[in-house]
Amino acid sequence: MTTLADTPTTTGDLRELATRALDRCGADIGALTGRTTLDVRSPITGEVVATVPMADTADAEAAVQVAHEAYLVWRAVPAPVRGALIKRFGQLLTEHKEDLADLIGIEVGKIRSEALGEVQEMIDICDFAVGLSRRLDGRTMPSERPGHRLMETWHPVGVVAVISAFNFPAAVWAWNTAVALVCGDTVVWKPSEAAPLVAVAGSALLARAAEELSAPAHLNTLVVTDADGAAPLIDSPLVPVVSATGSERMGAQIAPRIAARFGRSILELGGNNAAVVTPSADLDLAIRGIVFAAAGTAGQRCTTLRRLIVHESVADTVVERVASAYRNLRIGNPFADGVLVGPLIDKKAFDGMGRALDEAVDDGGVVVAGGERVDTGDPEAYYARPALVRMPGQTELVRRETFAPILYVLTYSTFADAVALHNGVPQGLSSSIFTRDQREAEQFLAAEGSDCGIVNVNIGTSGAEIGGAFGGEKTTGGGRESGSDAWRGYMRRATNTVNYSTELPLAQGVDFS
Ligand code: UN1
């Protein structure tokens with residue numbers, strides 16, 4: 001358990017903390033299969049904290065096979081009994097909340113509160129899935145024929161491949177897995193190569209729950225591998241559903257392969273999320289919401305706020321206030337008390353941020369605050385002060401997702417302009433409006449308003465609760481995960497017509513006698 005008194009600062013500290021957290025979760029890195037190895041670096045120091053075996057295509061294929069066999073058993077277990085497994089898993093997550101948060105902090109560099117929040121999100125989805133296990137309900141519809149019943153039933157589909165990203169290295173797996181397991185599916189998980197340790201720990205806790213409840217083995221099979229090794233997860237006919245989180249580029253590569261074999265994909269790709277700040281906005285509230293959404297998680301959430309569309313009458317005030325908040329953000333070791341912004345995941349992310357800022361300036365943009373590297377004494381660690389950039393318009397750069405803490409500011413004069421700017425990007429994940437004008441709020445929520453999968457009023461773009469369906473439109477990929485009726489994506493629907501009469505009337509009045 002980490003306290004301020006023992007904030008890990010050296011690579012040795014981080015290594016020791018990781019080992020302790022893994023041990024407490026009963027996680028054994030040595031049990032992973034693979035002939036090659038993968039170095040795990042902590043972005044906190046940029047140095048290697050662990051080396052894990054890395055699986056290849058043959059290992060991934062074998063994982064799909066055992067997952068398929070487990071599915072054949074699991075699908076016949078009553079859903080509420082499947083729910084009992086997730087209930088126990090949720091309890092274990094609660095017991096090991098600090099351990100998992102340690103690993104998320106070490107591998108991803110999340111600040112303590114956000115790392116704990118990610119584990120809470122895992123616990124929350126377990127609660128949700130337990131309830132769901134008693135209500136995977138179908139509909140009944142009136143049949144047009146006498147003595148007939150028309151209804152829908154929902155059944156498990158098989159193996160669900162879960163491909164998760166570094167930024168939510170555990171919660172996104174839990175969203176998918178808690179729901180998929182309750183639905184009667186089994187899971188093969190390819191975690192981010194940046195975060196295999198928390199994957200080993202989370203999987204160990206789920207395996208422990210399964211063992212305690214005498215559930216079948218291999219309900220969740222972890223495959224630590226790279227994109228090449230993961231090919232069977234994308235291409236195998238034994239994987240009817242692939243749920244993948246990552247870049248639009250990754251989605252464009254895998255979606256056609258899944259479609260070519262008529263598989264189903266649940267894609268959660270890029271976001272280029274915006275907030276509209278109107279003249280009537282409560283600015284105190286808006287500034288707080290903006291700063292968390294844009295700078296939180298060092299700008300590395302899919303839901304991170306990347307564009308601010310501000311009415312010209314309040315633009316200077318908003319820019320000044322956000323800039324001042326940015327200048328005061330404490331940046332550094334994410335385990336340290338009071339730090340709000342941890343490191344970027346790696347040098348590539350930092351370089352990408354630098355290139356985007358150069359391009360912004362070339363486009364006529366002005367960097368109002370931030371953008372510079374923050375030196376913590378570790379040459380391989382990349383900390384950056386979140387950047388606030390005023391842009392002359394929605395350039396090609398602004399229409400792209402750069403996975404770093406850059407907030408572009410655009411101004412508008414009419415509400416219609418604001419909505420047009422808002423929707424004028426390829427992505428469609430999350431959106432928000434700060435307003436006290438009910439007409440504007442309703443227009444933003446209406447069909448002709450925001451075109452995103454998540455549309456918020458008077459809160460930022462990030463930090464969605466698990467109860468709603470999570471996902472977005474356009475190049476975000478159209479997938480939905482987590483709450484509401486997202487479970488339907490993990491099941492197959494059967495339409496059933498039952499004739500309990502002594503006649504055989506045909507539908508549509510067809511006579512075939
Ligand atoms: C992600 O960034 O991939 O809404 C997931 C949020 C979190 C989940 C983000 N609950 O910001």
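Predicted model: local features only at pLDDT ≥ 70, side-chain atom pairs only at ≥ 80, totals over all residues.
**View 1. Residues around the ligand.** The shell comprises Glu121, Asn167, Phe168, Trp175, Glu268, Arg301, Cys302, Thr303, Ser462, Gly463, Ala464 and Phe470, each with a heavy atom within 4 Å of the ligand. By class, 5 of these residues are nonpolar, 4 polar and 3 charged; Cys counts as nonpolar and Gly as polar in this scheme.

View 2. Polar contacts are pairs of N or O atoms within 3.5 Å. The side chain of Glu121 places an N or O atom 2.9 Å from a ligand nitrogen. Ligand oxygen atoms lie 2.8 Å from a polar side-chain atom of Arg301 and 2.7 Å from a backbone N or O atom of Ala464. Of the 320 Å² of accessible area that the ligand has on its own, the protein covers 99% (Shrake-Rupley method, 1.4 Å probe).

**View 3. The ligand between two domains.** An automatic or database assignment gives domain 1 (11-269 + 477-493) and domain 2 (273-469). The ligand lies between domain 1 and domain 2 because both give residues to its shell. The domain centres, taken over C-alpha atoms, are 29 Å apart. Contact between the domains takes 33 residues from domain 1 and 31 residues from domain 2 (heavy atoms within 4.5 Å).

**Notes.** Residues are numbered from 1 along each chain as its sequence is written, and side-chain values use heavy atoms, without hydrogens and water. Local features need pLDDT of at least 70 and side-chain atom pairs pLDDT 80 or more, whereas totals for chains, interfaces and linings use all residues.

Definitions and conventions:
Polar contact = N/O pair within 3.5 Å; in protein donor to acceptor, adjacent residues only side chain to side chain.
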